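Work through the exercises below with the sequence and the 3D view side by side. Try each task before reading its solution.

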Amino acid sequence: MKNFLKISFLFFVFIFGSVAAQKADFYDDIQHFKKLDAEKTPPKDAILFLGSSSFTMWKDVADYFPDKTIINRAFGGSRLLNLNYYAEDLLNPYQPKQVVIYCGENDIAHDEKPSAKEVFKRFKQFYKTVRAHYPNANIAYVSIKYSPSREQYWPTMKQVNKKIKNFMNAKKNAEFIDITESMNDENGNVRKDLYLEDMLHMKPEGYKIWTKVMYPYLK
């Protein structure tokens, strides 16, 4: 009997330990969003921000756009792969008038080093999913910024930006918001003073520039 209980306990630990180990990346972030939505019903006709840490760290985004209603559901470190994986969770609870996306930078800088074509393919997949959920919503994509710490990836980022720009410009009720040039100095070089010490995430000065560029596009 004791051996049976011991074996049963070990089996229980193995099964549930395996389930925990297999938990998908960013699972906890998605559960946190669900908790927020359960505690307070999300407003209708808002602007839904989706993407990675450049949006995630914009925690005071409402202060930059005081006349807009923004729901920020970005999660740091995410790739377009993750947006596609969690698409139903990210889109189903809301009824936005606009979806604004900043994502793709982490795809490019990932160890697997996907091509610009592959990253663009991931974006198209997510765009089509968003459009299927919200036929009448405006969809906007914020161009990938040239983070100084990721200079080696700038050529690929440029290619991805170009592909997405051409794609979005050919779509109805869609926008490509180019923030790259606005983050350069008078000589056309990336302004490192806009970044934190990690040369990846932005200071408030960077977000002020984004606000100025993005505002005309927000609904």
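This is a predicted model: local features need pLDDT of at least 70, side-chain atom pairs count only at pLDDT 80 or more; totals for chains, interfaces and linings use all residues.

**Exercise 1. The whole chain**

Task: Find how many helices and strands the protein chain has, and what its C-alpha trace spans along the principal axes.

Solution. 
- Step 1. Count the elements. The protein chain has 10 helices and 5 strands.
- Step 2. Take the extent. The C-alpha trace spans about 80 × 40 × 30 Å along its principal axes.
- Step 3. Check burial. Of the 219 residues, 46% count as buried.
- Step 4. Residues 24 or more positions apart account for 74% of them.

**Exercise 2. Strand pairs**

Task: Work out how many bridges join strand 1 to strand 3, and which residue in strand 3 stands opposite leucine 50.

Solution. 
- Step 1. Start with strands 1 and 3. They run parallel and are joined by 5 bridges. Opposite leucine 50 stands isoleucine 101 of strand 3.
- Step 2. Go on to strand 4. Isoleucine 101 also stands opposite tyrosine 141 in strand 4. Strand 3 (residues 98-102) and strand 4 (residues 138-142) pair in the parallel sense over 4 bridges.
- Step 3. Turn to strand 2. Strand 1 pairs with strand 2 in the parallel sense, over 3 bridges. Leucine 48 has isoleucine 71 as its bridge partner there.

**Exercise 3. Burial of strand 1**

Task: Explain why strand 1 is largely enclosed by the rest of the structure.

Solution. 
- Step 1. Take one side. Ile47, Phe49 and Gly51 are buried there.
- Step 2. Take the other side. Leu48 and Leu50 are buried too, and both faces are covered.
- Step 3. Conclude. Strand 1 is largely enclosed because 5 of its 5 residues are buried.

**Exercise 4. Two helices**

Task: Describe how helix 8 and helix 9 pack, and which residues meet.

Solution. 
- Step 1. Get the geometry. Helix 8 (residues 116-133) and helix 9 (residues 154-169) pack at about 35 degrees, and their axes are 9 Å apart.
- Step 2. Get the hand. The crossing of helix 8 past helix 9 is right-handed.
- Step 3. List the residues. Helix 8 brings Ala116, Lys117, Val119, Phe120, Phe123, Lys124 and Tyr127. Helix 9 brings Thr156, Gln159, Val160, Lys163, Ile164, Phe167 and Met168.
- Step 4. Sort them. The contact holds 9 nonpolar, 2 polar and 3 charged residues.

**Exercise 5. Glutamate 105**

Task: Decide whether glutamate 105 is buried or exposed, and find which side chains make polar contacts with it.

Solution. 
- Step 1. Glutamate 105 is in helix 7 (residues 105-109).
- Step 2. Judge burial. Its relative accessibility is 3%, so glutamate 105 counts as buried.
- Step 3. Follow the side chain. It makes a polar contact with the side chain of lysine 145 at 2.9 Å. A second polar contact, of 3.3 Å, reaches the side chain of arginine 150.
- Step 4. Look wider. Beyond four places in sequence, its contacts include Ser54, Ile144, Met157 and Leu200.

**Exercise 6. Tyrosine 102**

Task: Find which backbone atom of lysine 145 the side chain of tyrosine 102 reaches.

Solution. 
- Step 1. Tyrosine 102 lies in strand 3. At 0% relative accessibility, it counts as buried.
- Step 2. Compare sequence with space. Tyrosine 102 and lysine 145 are 43 residues apart along the chain, with C-alpha atoms separated by 9.4 Å.
- Step 3. Follow the side chain. It reaches the backbone nitrogen of lysine 145 at 3.1 Å.

Terms used. Residues are numbered from 1 along each chain as its sequence is written. Side-chain values use heavy atoms; hydrogens and water are left out. Axes are lines fitted to C-alpha atoms, for helices over the stretch in contact, and angles run from 0 to 180 degrees between N-to-C directions. A crossing is left-handed if the near helix is turned anticlockwise from the far one by less than a right angle, and right-handed if clockwise. Contact means heavy atoms within 4.5 Å. Ala, Val, Leu, Ile, Met, Phe, Trp, Tyr, Cys and Pro count as nonpolar, Asp, Glu, Lys and Arg as charged, and the others, Gly among them, as polar. Buried means under 20% relative accessible area, exposed over 50%, partly exposed in between (1.4 Å probe, protein chains only). A polar contact is a pair of N or O atoms within 3.5 Å; within protein, one must be able to donate a hydrogen and the other to accept it, and residues adjacent in sequence count only if both atoms are side-chain atoms. Two strands pair if DSSP finds at least two bridges between them.
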